[in-house]
Amino acid sequence: MIKKSIFYISILLTVAFISSGFKQFKSPLNDNNLEEENYVSLNIPFTAKYFIGFKEAIARKESQGEYKKINTLGYLGKYQFGMETLKSIGINDSITFINSPKLQEKAFVVLLSKNKYELQDYINDFEGKIIDGVKITESGILAAAHLGGTGSVKRFLDSNGERKCKDEYGTSVRTYMKDFGGYETDGIKAIKDAKVK
């Protein structure tokens, strides 16, 4: 009986000793004062500046990451697509789209491919330059094209930042270029008439 008691007490003391050496991890995501514009600069493990981090940062900005979100202007889903944009990549059914996370993820990548094709010369000509105080990167250009379309990106870059293109809510192409710059988007293939299959 005494041997059993000593055994159990020694186990408890060992566990208590080992666990006392660990410190509580305070995640910045649990901080109620975390401002949305700082979200993209968080160093979250396994996302950081990788493509997954790019996707999730844009989703956070667009819809708080909600697949079922429809905004006041009728933009749909996690990445807030308009119907004209969806039609341009081969999606004609908004109900199916809003109810399919898989389709939304595919649509995002397909639109990036299409925009990358259309903006390839701009990416080659402007990447690494500073325009209106923002270092231009491929991911920043692609994010800005998602916000305001490829035409807005071209106007901003062609005017050396003089034309302040904004969406209906007042968010500028410049802001997206700045906030989403430096992510890894090399894996996105430039495809002229990219369609969701």
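**Salt bridges and a helix**

Me: How many salt bridges does a search of the whole structure find?

Reply: The search finds six salt bridges in the whole structure, and please keep in mind that this is a predicted model.

Me: Ok, what does Glu56 meet in a salt bridge?

Reply: The side chain of Glu56 meets that of Lys78, with N to O at 3.0 Å. Glu56 belongs to helix α2, whereas Lys78 sits in the loop between α2 and α3, so that the pair links distant parts of the chain, 22 residues apart.

Me: Is Lys78 buried or exposed there?

Reply: Lys78 counts as buried because its relative accessibility is 4%, which is under the 20% cut-off. Glu56, on the other hand, is partly exposed, with a relative accessible area of 27%.

Me: And which salt bridge joins Lys78 to Glu105, I mean how far is N to O?

Reply: The side chains of Glu105 and Lys78 come together in a salt bridge at 2.9 Å, N to O. This pair also links distant parts of the chain, since Glu105 is in helix α5 (residues 101-126) and Lys78 in the loop between α2 and α3, 27 residues apart. Both Glu105 and Lys78 are buried.

Me: What about Arg174, which residue is its partner?

Reply: Arg174 forms a salt bridge with Asp132, and their closest N and O atoms are 3.1 Å apart. Arg174 lies in helix α7 (residues 173-179) and Asp132 in the loop between β1 and β2, so the pair ties together parts that are 42 residues apart in sequence. Arg174 counts as partly exposed at 25% relative accessibility, and Asp132 counts as partly exposed at 30%.

Me: Changing topic, how many residues does α2 have, and how far does it reach?

Reply: Helix α2 has 13 residues and reaches 18 Å from its first C-alpha to its last, which is close to the 18 Å expected at 1.5 Å a residue. Just after α2, Gln64 takes a positive phi of about 60 degrees.

Me: Which residues of α2 are buried, and what covers them?

Reply: The buried residues of α2 are Gly53, Phe54, Lys55, Ala57, Ile58, Ala59, Glu62 and Ser63. What covers these buried residues includes α5, α6 and α7.

Me: At what angle do α2 and α6 pack?

Reply: Helix α2 (residues 51-63) and helix α6 (residues 138-158) pack at an angle of about 30 degrees, and their axes are 12 Å apart. The crossing of these two helices is right-handed. On the α2 side the contact is made by Phe54, Ile58 and Glu62, and on the α6 side by Ser139, Ala143, His146 and Leu147. By class, this contact has four nonpolar, two polar and one charged residues.

Me: Why might residues three or four places apart point the same way?

Reply: An α-helix has 3.6 residues a turn, so residues three or four places apart point the same way.

Conventions. Residues are numbered from 1 along each chain as its sequence is written. This is a predicted model: local features need pLDDT of at least 70, side-chain atom pairs count only at pLDDT 80 or more; totals for chains, interfaces and linings use all residues. Side-chain values use heavy atoms; hydrogens and water are left out. Axes are lines fitted to C-alpha atoms, for helices over the stretch in contact, and angles run from 0 to 180 degrees between N-to-C directions. Helices (H or I, at least four residues) and strands (E, at least two) are DSSP runs, numbered from the N terminus. A crossing is left-handed if the near helix is turned anticlockwise from the far one by less than a right angle, and right-handed if clockwise. Contact means heavy atoms within 4.5 Å. Ala, Val, Leu, Ile, Met, Phe, Trp, Tyr, Cys and Pro count as nonpolar, Asp, Glu, Lys and Arg as charged, and the others, Gly among them, as polar. A salt bridge is a side-chain nitrogen of Lys or Arg within 4 Å of a carboxyl oxygen of Asp or Glu. Buried means under 20% relative accessible area, exposed over 50%, partly exposed in between (1.4 Å probe, protein chains only). The expected span of a helix is 1.5 Å times one less than its number of residues.
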